[in-house]
Amino acid sequence: MKKAKPRYKRFTRSRLGNFLFFTILILAGLYTILPLIYSIVTSFKPLDELLAFPPKFYVTRPTLKNYSILPELLSDLDVPFARYVFNTLFLSVVISALHVIVASMSAFVMCQVRNKWTGLLFALVQFALLYNATTLAVPQYYIFSKLNIIDTYWAYILPMLPSTMGVFLIKQYMDGAIPEALIEAARIDGAGVLRIFWQVVMPLVKPAWMTLTLFIFRDSWALQPGGTIFSESLKTLPNILSQITSSGIARSGSAMAATVLLMIPPVLIYFVTQSNVMETMSSAGIKE
């Protein structure tokens, strides 16, 4: 007598359900990129369309004047424009690299060291996510003044290194992506802690640190000097953008043109790391 095959209930949507589902997703996606589209459109508007009220979402007579006038606006700067470009690129690369290394090392220690303090430390990391840069401005200034690093590149770099978001993200991914047996096998083969970290762990968590690179590069690229930077030669590109924007609505087209140019590097980084971002988001919360 043949055994009856188990019946599995199939959950499927109708064609109408699929149509509504994808329509909602497309509309939500278009809504999220409206600021990007508006910035690009505005950067091509002539002055009369910029002054029109109510403002229009489209441009009828596109022009490149907002882009061509940027060199003229930047020619009167006391510091060469190339200096601002160098500062932004240098800080973005250095902060991204150091932040990924520091966050990965911290997450690795929290995953491998098992004692009564590990849970408390990770709870403090999660609690620290509630704080923003504004609440820490005064203590940071006091510490930097004691370290004599005010008006140096370190005033940009140091506050970005201990960001708890990176530690939380990579630790959550490590918990599900690194088998304990693999670490034990590496130890039996004679590998030290640093060798295990660089040659075993880091390749396995590549999607996580690529995702973190995207986030930290975005924040570093938009970094503006706070109350710890006073030298004009140490300021960044967003500082120039704010100067152009402060000229009033007549320069809003040029400000949007500068904004579009500043958005290009983070967008390129996103396209490079997109697949890793999706893999991290889909598996960081999975536990055995």
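I started at Val205 and found contacts (heavy atoms within 4.5 Å) with Tyr173, Met174 and Ile178, leaving aside neighbours within four places in sequence. A note to myself: this is a predicted model, where local features need pLDDT of at least 70, side-chain atom pairs count only at pLDDT 80 or more, and totals for chains, interfaces and linings use all residues. Residues are numbered from 1 along each chain as its sequence is written, and side-chain values use heavy atoms, with hydrogens and water left out.

Of its 25 residues, Ile170, Met174, Ile196, Val201 and Val205 touch the most other members. The helices (DSSP runs of H or I, at least four residues, numbered from the N terminus) that each supply at least two core residues include α6 (81-112) and α12 (193-204). The largest share, 6 residues, comes from α6.

Then I turned to Ser43, in the loop between α2 (34-42) and α3 (47-50). Is Ser43 buried or exposed? Buried means under 20% relative accessible area, exposed over 50%, and partly exposed in between (1.4 Å probe, protein chains only). Ser43 has 0%, so I wrote down buried. The side chain of Ser43 reaches the backbone oxygen of Ile40 at 2.6 Å.

Last, I checked two more residues. Phe197 is buried at 3% relative accessible area, whereas Trp198 is partly exposed at 42% relative accessibility.

Terms used:
A polar contact is a pair of N or O atoms within 3.5 Å; within protein, one must be able to donate a hydrogen and the other to accept it, and residues adjacent in sequence count only if both atoms are side-chain atoms. A nonpolar core is a set of buried Ala, Val, Leu, Ile, Met, Phe, Trp, Tyr and Cys residues joined through side-chain atoms within 4.5 Å.
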